[in-house]
Every structure is written in C-alpha cells, then in structure tokens.
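Have a look at the model first, then read on.

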Amino acid sequence: MDPLSGFIGSLIWWLLFFYLIMAPQIQYKQLQLARLKILRELSNKRNSTVITLIHRQENIGLFGIPIYKFITIEDSEEILRAIRTAPKDKPIDLIIHTPGGLVLAATQIAKALKAHPAETRVIVPHYAMSGGTLIALSADKIIMDENAVLGPVDPQLGQYPAPSIVKAVEQKGADKVDDQTLILADIAKKAINQVQNFVYTLLKDKYGKEKAKELAKILTEGKWTHDYPITVEEAKNLGLDVDTNVPEEVYELMELYKQPIKQRGTVEFMPYPTSQNNGKKE
C-alpha cells in the first residue's frame, strides 16, 4: 500500500470515529436550541415563566435497554429553583408529561407552585398521572388537550394501592391476618390520610371546603385503579375547572421530546394534503 492510500484510509477512519463520537452530541445540542427557541416564544406570547416536566422512556446502551423516567427529588430541586427565581408578579406555565413518581417530590412541587403569588397554569398535552395530577391540582388553572388524561392520587405501597390493603384487612378481619399485614394496613391508612389532607389543602381556596373534601376523598379512596384515565369530560363532571386551549407551541415542543429510535417505530402517519396543492408536486 502506497503512503497516500494509507494516509487517506487513516483519515477516513478518524473522520468516521469523530462522527460517531460527536454527531450525537451535535444533534442533542441542536435539539436543545430548538426547544429553547419554542420555550422563549411561548414565554413571550403568554408573558410567563415556562417550566417543563417531561418524562419519556429512553433507550440506552448497546442493547437498547429501556429506562423509564418518573418524578424524582432531582426534578423537584430543579423546578423549585425555577419557581423561586421566577418573577413574583408574572404567571407560571408548567408543562407536564409524566406517569407520576415520588409523592415527596410531587408534593414539594405542588406546594411551591401553589405558593407562587401570580397565576399558575399547568398544561397537560397528553397525560399527567398520579404525582403529575397532584401537581396539576395545585395550579390556578388546568389546561388539557381534549384527549389528555389525569389520574387518581391514591398512594401506593410497593406494588399495592394503599386503599386496597386497608380494604383487604377490613374484609378479612384484623384477627385473621398476620402482624406484618396489620402494620402495612396501618401505614396505608396514614398514607391515605396524608395525601387526602394535602389535596384538600390544595383545593379548599379554589373550590370551597366542602367541594375540596369531596374531591380529595374521590381522588384518594381507591374508587378506581391507579392507572385509571380521568378524561377532560370526567374531570369536569367531578367539578374540576379544566380548560382545553392548549397553546400550539406546546405541541411543537413535544415533537422535540421524541424517544430515541433504534429500530422501526410503531406509529407512522402521512399528513393530509393541504388545499394549496391537493397533494400534487409543484
């Protein structure tokens, strides 16, 4: 092999290596800049501080092992910092897309959001379950896509809902279960009361004491399974004040949070041809 060919081969190898290392970082940086652009536009349009809490499943590693994201203490630290630094006389828009997570973290976020002096608005483009619903309840206004859902906020102990543990002991009788189950039922009762009281605290100023008690009980007593989807219609029937005017920028933003794809996606679609060209090439 002549020296020139060897040099070209080595150069190609190093360029390929550089591309494999740097391309993902460059793409991610471009994605961040695109997100910031939309957030800035949305903030200017709504004259608000815009915060996001968006959880997507991500695939990492050579074998694409799925990593599921939930509300964590790290999330609450970041959001509390954002709320703390937001202008006190300006609204906050919090965009939420989450399956839920730690009650402690969700409680901290909800408490901080409720304490903000200006109007607070939680925007749900797709779903805000469990802890996400808890946060939504703290806002002055809940804005949901017409097909978005909330969820019950009944606490979970391990793999079991707290209300189901209490009900099982009541049905079987305290004298027919072991000490460990009795202890678990005691913890379950405390957990239900704690969340119920917190929800009541979040809602009483907006809905009045009686309605707040009713809503707190319904959402925490185990009436539904924990993943039950509370639609816009059902939320309104419950008495929650829900708006469906989701800003278009929120949908554009969500497009920039797509999950990494290592193989063919499960959903594809072709936008309907516009009336300008009726699907014909110009």
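In which sense do strand 5 and strand 7 pair, and over how many bridges? Strand 5 (residues 120-124) and strand 7 (residues 141-144) run in the parallel sense, joined over four bridges. Keep in mind that this is a predicted model, where local features need pLDDT of at least 70, side-chain atom pairs count only at pLDDT 80 or more, and totals for chains, interfaces and linings use all residues. Residues are numbered from 1 along each chain as its sequence is written, and side-chain values use heavy atoms, with hydrogens and water left out.

**Around strand 7**
- Strands (E, at least two residues) and helices (H or I, at least four) are DSSP runs numbered from the N terminus, and two strands pair if DSSP finds at least two bridges between them.
- Val122 sits opposite Ile142 in strand 7.
- Strand 7 also pairs with strand 12 (residues 242-243), again in the parallel sense, over two bridges.
- There, Ile142 stands opposite Val242.

- An open sheet with mixed pairing has the order 6-8-11.
- Strand 6 (127-128) and strand 11 (230-231) are at the edges with a single partner strand each, so one side of each has no neighbour in the sheet.
- Strand 6 pairs with strand 8 (residues 149-150) in the parallel sense over two bridges, with Ala128 opposite Leu150.
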